[in-house]
Amino acid sequence: MEQLSLFTQEVNLSAPLASRLRPQTLDDYIGQEHLVGKGKVLRQMLEKDRISSMVFWGPPGVGKTTLARIIAHMTCASFIDFSAVTSGIKEIKDVMRQAEGDRMVGLKTIVFVDEIHRFNKAQQDAFLPYVEKGSIILIGATTENPSFEINSALLSRCKVFVLQALTEQDVRKLLHNALSDKRGFGNNTIHIEDRLLNAIAVFANGDARTALNTLDMAVLNGKIEEDGSITVQEEILEQCTGKKMLLYDRAGEEHYNLISALHKSMRNSDPDAAIYWLARMLEAGEDPLYVARRLIRFASEDVGMADAQALQVAVAAYQACHFNGMPECNVNLTHAVVYLSMAPKSNALYVGYERAKKDAEKMLTEPVPLQIRNGVTSLMQELHYGEGYQYAHDAEEKLTDMECLPASLKGREYYIPTSQGKEREIGERLLKIKEFKS
């Protein structure tokens with residue numbers, strides 16, 4: 001447990017770079033513009049000094065602790081930092097009694113609990129009465145979904161703010177600041193190419209702490225020149241990250257070339273090529289969730305009803321990426337990529353929708369047939385809404401000959417099954433349905 005009143009400590013140059021560069025004001029804070037940008041809700045709460053207990057939910061290294069400390073500074077409150085590992089109920093209650101006493105003389109106390117999901121139910125319950133009375137302003141930070149990890153009674157008294165992973169642009173700005181700020185390397189001359197800074201930004205994957213720690217290690221292990229300056233070389237950076245700097249631009253042409261190669265390899269039922277292109281993307285720093293989203297699209301566009309299970313596999317891979325992150329999720333994506341590569345292929349869903357879209361765009365005003373309109377009021381019934389509707393469940397075959405397309409489109413076919421995989425059976429059933437209706 002750590003108690004701080006204001007940010008008056010001298011900069012400790014032996015401390016980690018991420019600690020030395022911790023912002024002290026919102027103007028220095030990088031990222032989370034949706035919360036602390038001009039006119040945004042959290043910034044307005046702070047500027048009006050009307051903060052209440054809150055929970056910050058987001059991935060590691062996005063500024064949850066930093067934001068809590070800035071809040072304490074802006075409100076001139078006593079700041080107490082709790083650890084879920086070392087603080088028990090006794091320590092919580094001791095601090096709460098002190099906070100209650102301070103409240104009686106008009107002093108605010110902010111209690112910050114990092115990784116609040118690690119507190120057990122009894123520990124979380126110990127905060128509840130003091131949050132209710134306003135003795136403390138509780139700020140919890142968590143990387144886990146608070147709906148599942150925080151007691152509902154405590155969560156209901158806190159406003160949840162979702163913090164997002166930093167963009168590569170945010171991280172690059174952070175790295176440039178570290179090189180110019182005297183709390184960082186501003187008193188030194190550091191030579192490092194922009195492409196290497198970009199590589200660090202990609203490697204960090206939205207985590208500011210990872211980015212700054214990587215830069216710190218690279219500079220400390222850089223080559224010291226005769227004039228005292230330091231040069232960060234590519235091989236040093238590769239040693240610091242434990243991986244090749246593949247220098248991948250997620251917004252550039254190569255990004256689209258690689259996802260195209262993955263997509264077309266799976267379409268061509270080539271699992272070896274598909275795994276290779278997947279590895280090229282992931283090891284170069286591609287967001288695994290982006291890849292997973294493309295697999296979900298592929299499951300319906302290129303496999304479709306030939307193996308309807310493919311969509312479930314792709315969605316499960318997306319969820320696995322969300323839960324595991326890199327590098328653990330690489331095998332989850334490989335699972336999905338191989339499944340999709342080996343699945344029977346059908347683009348009937350894609351082609352069917354494109355056919356329907358052309359008609360829809362040309363015939364946007366076609367009326368819905370009366371028999372399938374919903375006649376919920378007496379006026380609608382007088383206008384014959386729902387008249388002639390046939391309830392399929394009442395029929396022995398669970399089928400009727402009722403027409404559901406507009407009259408001008410009667411007989412139009414959009415979904416035409418292929419003979420691939422399970423779609424062969426679907427095609428046979430559809431043929432029987434059409435024969436029955438005719």
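Modeller: Leaving out residues up to four places away in sequence, Leu212 touches Leu17, Ala18, Leu21, Leu174, Leu175 and Ala178, where contact means heavy atoms within 4.5 Å. This is a predicted model, in which local features need pLDDT of at least 70 and side-chain atom pairs count only at pLDDT 80 or more, while totals for chains, interfaces and linings use all residues. Residues are numbered from 1 along each chain as its sequence is written, and side-chain values use heavy atoms, without hydrogens and water.

Biologist: Why is Cys321 called buried?

Modeller: Buried means under 20% relative accessible area, exposed over 50% and partly exposed in between, with a 1.4 Å probe and protein chains only; Cys321 has 4% relative accessibility, and therefore it counts as buried.

Biologist: What makes Cys404 partly exposed?

Modeller: Its relative accessible area is 44%, which lies between those two limits.

Biologist: How do you know that Cys321 is in no disulfide?

Modeller: A disulfide is a pair of cysteine sulfur atoms within 2.5 Å, whereas the nearest cysteine sulfur to Cys321, that of Cys329, is 3.8 Å away. The structure as a whole holds zero disulfides.

Biologist: Why is Asp207 said to have no salt bridge?

Modeller: A salt bridge needs a side-chain nitrogen of Lys or Arg within 4 Å of a carboxyl oxygen of Asp or Glu, but for the buried Asp207 the nearest side chain of opposite charge, Arg209, is 4.4 Å away. The side chain of Asp207 does, however, reach the backbone nitrogen of Arg209 at 2.9 Å.

Terms used:
Lys, Arg positive; Asp, Glu negative; His and termini not counted. Polar contact = N/O pair within 3.5 Å; in protein donor to acceptor, adjacent residues only side chain to side chain.
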